[in-house]
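The notes follow in the order I made them.

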Amino acid sequence: KKADAARKKAEKDALLAEEERNAPSKPKNTKTAPKKTSAAPSRGLNLDQLDEPPQNGPLNALNATGIDNALDALSLTTGSNASEKVEKHPERRFKAAYAAYEARRMPELEEEMKGLRRQQRVDVIRKEFERSPENPFNQVSVGFDATREEIREIREKEREKVEQRLGK
């Protein structure tokens, strides 16, 4: 048994010595990071183009993060009609929009804030709705007597805002 154990130990030591010879040596100073050369191709993304100032011409790509921005970018690229975004009578849709928002939000708020009375929850929901994008008054609107040219101008301004925000 002793001879067998000694033989196994000798094999193990030989393998360990072989690995140490084949393994690359570690740098002695581990505090400094090795310098990377930009000429050598890397496996990651090449982000050098982001450091350069943008050209005066329009960009070819939209940068959209998030669902709302992605939908806006999609509407820009497909050229969808923005007529549904221009509201002539937001006061007509306010009551129905608030009722739908309150019906959807009330069960969620009951779970979040269990100690509040119903009227207190309604007050919280009303404040949230005032800032919500679902509120018709927070959407793009024009006067009820706006001409087609005014509506077209507002659509173009909104399109320019979206393009500016998304970087086109």
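I began with the face of α5 turned away from its buried side, and found the exposed residues Lys127 and Arg131 there. The model is predicted.

I then listed the buried residues of α5: Arg121, Val122, Ile125, Glu128 and Phe129. Looking down the axis of α5, I saw these buried residues fall within an arc of 125°, so they line one face of the helix. An α-helix has 3.6 residues a turn, so residues three or four places apart point the same way. I looked for what covers the buried residues of α5, and α4 (90-112) is included.

I checked the length of α5 next. Its 14 residues, 118-131, should span 20 Å at 1.5 Å a residue; the end C-alpha atoms are 21 Å apart, which agrees.

I searched the whole structure for aromatic pairs and got 4. One of them joins Phe94 and Phe137, with 5.5 Å between centres and 50° between planes, a tilted pair. Phe94 is in α4 and Phe137 in the loop between α5 and α6 (148-166), so this pair ties together parts 43 residues apart in sequence. Phe94 has 22% relative accessibility and counts as partly exposed; Phe137, at 46%, also counts as partly exposed.

I noted a second pair, Tyr101 and Phe129: centres 5.2 Å apart, planes at 45°, so tilted. Tyr101 lies in α4 and Phe129 in α5, so the pair ties together parts 28 residues apart in sequence. Both Tyr101 and Phe129 are buried.

I recorded one aromatic cluster formed by Phe94, Tyr98, Tyr101, Phe129 and Phe137. Over the ring of Tyr98 I found the charged end of Arg126, 4.2 Å from the ring centre.

Methods
Residues numbered from 1 in each chain as written. Predicted model: local features only at pLDDT ≥ 70, side-chain atom pairs only at ≥ 80, totals over all residues. Heavy atoms only, no water. Helix = DSSP H or I, 4+ residues; strand = E, 2+ residues; numbered from the N terminus. Expected span 1.5 Å × (residues − 1). Buried < 20%, exposed > 50% of the residue type's maximum accessible area, 1.4 Å probe, protein only. Arc of directions from axis to C-beta. Contact = heavy atoms within 4.5 Å. Phe/Tyr/Trp six-rings, centres within 6.5 Å; stacked < 30°, edge-to-face > 60°. Lys NZ or Arg CZ within 6 Å of the ring centre and 35° of its normal.
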